[in-house]
Amino acid sequence: MTQDKRSWYVLSFEHFEKSLNGLSSGAIHAVRKSAIARFAELGFPTTHDEEWKFTDVTPLKGVEFVPVLSYNSDGLTVKDIEKFLPKNFVCNRLVCVNGHYSEELSSVLSQTQRVKMGSLAEAMRTDGELVSAHLGQHARFDENAFTALNTAFVNDGVFVSIPDRTIVEDPIYLLFISTALDTKFVSQPRNLIVLGKNSQASIVEAYASLSDNIYFTNSVTEVVMGENAIIEHEKVQEESARAFHVSRTQVHQGRDSNFVSNSFAFGGSLVRNDIVATMDGEGSEATLNGLYLANGSQHIDNHTTMDHAKPRCNSHELYKGILGGKSRGVFNGKIFVRKDAQKTDAKQTNKNLLLSDHASIDTKPQLEIFANDVKCTHGATIGQLDEEQLFYLRARGIGAEDARTMLIYAFASDVIDRVHVEALRDRLHNVMHAKLGEGTE
Amino acid sequence: MLEIINLHAGVQGNEILDGVNLKVNVGEVHAIMGPNGSGKSTLAQVLAGRESFNVTEGQVLYDGKDLLAMSPEDRARAGVFMAFQYPVEIPGVSNTYFLKAGLNAIRKQRGLEELDAMEFLKLVKEKAKLVEMEEGLLNRPVNHGFSGGEKKRNEIFQMAVLEPRLAILDETDSGLDIDALRIVADGINKLRGKHNAIILVTHYQRLLNYVVPDFVHVLVDGRIVKSGGKELALKLEEKGYDWVREPVELNT
Ligand SMILES: Nc1ncnc2c1ncn2[C@@H]1O[C@H](COP(=O)(O)OP(=O)(O)OP(=O)(O)O)[C@@H](O)[C@H]1O
Ligand SMILES: [Mg+2]
């Protein structure tokens, strides 16, 4: 039990409990306690675990990451974080530093008495009922050690609550910054986003780092959507090249709701993203798009689940990967159609571009279909740059390297252009340009 | 300008070109005809630098320089242009964006200033008009979803923008209706001049009515088996290729 640092986190939990100073009573703390108990039972997954077959978390298990238990600005000013925000971007900016909400770095425009955005810690005090009704109800921790660990240390993160019939015009930008602390730390933001009926918002979750240190981000976001609610959710992951990043996005959709996610994975040495859209209301729709760009010895694993729980729901999915160097990608796209989910229409595509002989991808659709009136298509491709296209460009005077970049870029833009938040889309194009400029070997 | 000497080339040990000899001087238009599979496109692609073909013997001199030693982009920058028989579709790369990159690389090589976005747009509009290409096609991804005729016209449009010294047009006339054919022919005739040379690969006399060649060559089984003036094309149309295959004719 000790070899995978389970006891380290159990010990850390005891420190954490003490730091809560008497706030360790109440419903939330009961959840924390059962989560740490469950974590101690589960331990970190191994590659014998079907869900982790291609992703070995041994390097992460070997480090005693210190949980960050409270907010510390670490001297950050708004100026320091500007480079992580799109230029000239009008948005609701909700910043967390090492997993803790920063009042001073955040700037909320759309706050009204009814629209709430801010820290989860604060919400646990002021909106306890709403928080308890959802927190941990969707992202269950019983079968997932990382979710259990996050839940055990649940303390802060971002809380967004948008009531019925409310459209929040300005995007809500969640920025999770990791700073250059002396210790190897784990930051575990926990986010809860609740949208009422007929409401609409676009939400960005961005992960960035001020150092190239080794640290560990273990985040969980729960999204709850009422009837006919609409969300566009973007995730932009630009962690340090040496960081570990494990994240889970769990979406619960009501009737006729529409959830769109565009997920971009650029940074991190060992990355695992889980995103689950549960279409738990008739006529709801989910779109999951993603782009992963890996180099060197990066390992990026995307596990997605389209959970069709009710009839007449549509899901669309496009994940694209660009893998250079000795990097490794994993894509597992689960389409789960439950017994009642008749008239399901699900489409899934995964395309991969391998830029070197040493890069690899394990891609797998996972269909679990229990209804009989279902349309479901899926396809995966793995390829190199097209020799004919390269030649065409070069035959017009474009240098070999530029021609390669142009084709890789075209492959990626397909996903970037699906982002509706214009300023973010521009920023993603810039990030992509810079990444390709660094070389892709 | 171009001298092809005993060129042998193929793919994976499979010889396609079996000793091609051809000399093209500046100002000339040469037509290359020949049956399907005789190696016309292979010749065009080898000249443009396609790496999937291996040259096993012979050499090609371009302005006295070893053309085969140059990369495809260096050939383009030196003024070689090949219009593809089957232009590839490139989703995600806009037609004008890629052409601007190509043109500026070529201009740089020629010691000219690079064009900025405005200047380029002006040039492109002018040339699009010349080949009667719909402006809508300019900003679409390269050849993506273009009709057969639109793809051919796009090749001629690119030629008009890049103004090559040596243009090799591989069946640019195939699949065109008569109006399009006339436009393509006009485009070629506009380029034709004292400073350029053109190689036309074609199956049909009808293009040669508009673009009258100085020489016609017949390529059969990877060799030029007959060369002549513009009358040769007429005779080929009338008698077919079997006529040139006959050894008796070969010896004349
Ligand atoms: N990449 C390749 N791999 C294998 N064989 C090839 C390849 N490219 C061409 N060939 C073969 O070489 C021969 C010559 O082909 P090429 O395309 O040069 O003919 P062509 O004269 O242009 O014919 P067409 O008039 O039909 O365009 C054909 O038999 C063709 O199948
Ligand atoms: Mg051909």
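Me: How many salt bridges does the rule find across the interface of chain B and chain A?
Reply: This is a predicted model, in which local features need pLDDT of at least 70, side-chain atom pairs count only at pLDDT 80 or more, and totals for chains, interfaces and linings use all residues. Residues are numbered from 1 along each chain as its sequence is written, chains are lettered from A in the order in which they are written, and side-chain values use heavy atoms, with hydrogens and water left out. A salt bridge is a side-chain nitrogen of Lys or Arg within 4 Å of a carboxyl oxygen of Asp or Glu. By that rule, the number across the interface of chain B and chain A is four.

Me: Which residue of chain B forms a salt bridge with Arg394(A)?
Reply: The closest N and O atoms of this pair are 3.5 Å apart. The partner of Arg394(A) is Glu51(B).

Me: What area is buried between chain B and chain A?
Reply: Contact means heavy atoms within 4.5 Å, and it takes 16 residues from chain A and 35 residues from chain B. Buried area is the accessible area (1.4 Å probe) that two parts lose on being put together, summed over both. Carbon and sulfur atoms give 64% of the buried area, which is about 2000 Å².

Me: Which residues in chain B lose the most area to chain A?
Reply: Three residues together account for 26% of what the chain B side buries. They are Arg50(B), Glu73(B) and Val88(B).

Me: Which element gives the most to the side of chain B that touches chain A?
Reply: Helices (H or I, at least four residues) and strands (E, at least two) are DSSP runs, numbered from the N terminus. Elements of chain B that each supply at least two residues to this side include α1 (40-48), β7 (90-94) and α6 (148-162). With six residues, the element that gives the most is α3(B).

Me: What is the volume of the second largest cavity?
Reply: On a 1 Å grid over the protein atoms alone, a cavity is a set of points where a 1.4 Å probe fits but cannot get out, and lining residues have an atom within 4 Å of a point. Grid points are joined across faces, edges and corners, and a volume is the space filled by probe spheres set on the points. The second largest cavity is lined by 13 residues, with Thr249(A) and Tyr319(A) among those nearest its centre. Its volume is about 70 Å³.

Definitions and conventions
On a 1 Å grid over the protein atoms alone, a cavity is a set of points where a 1.4 Å probe fits but cannot get out, and a pocket is an open set with protein on both sides within 12 Å along at least five of seven lines; lining residues have an atom within 4 Å of a point.
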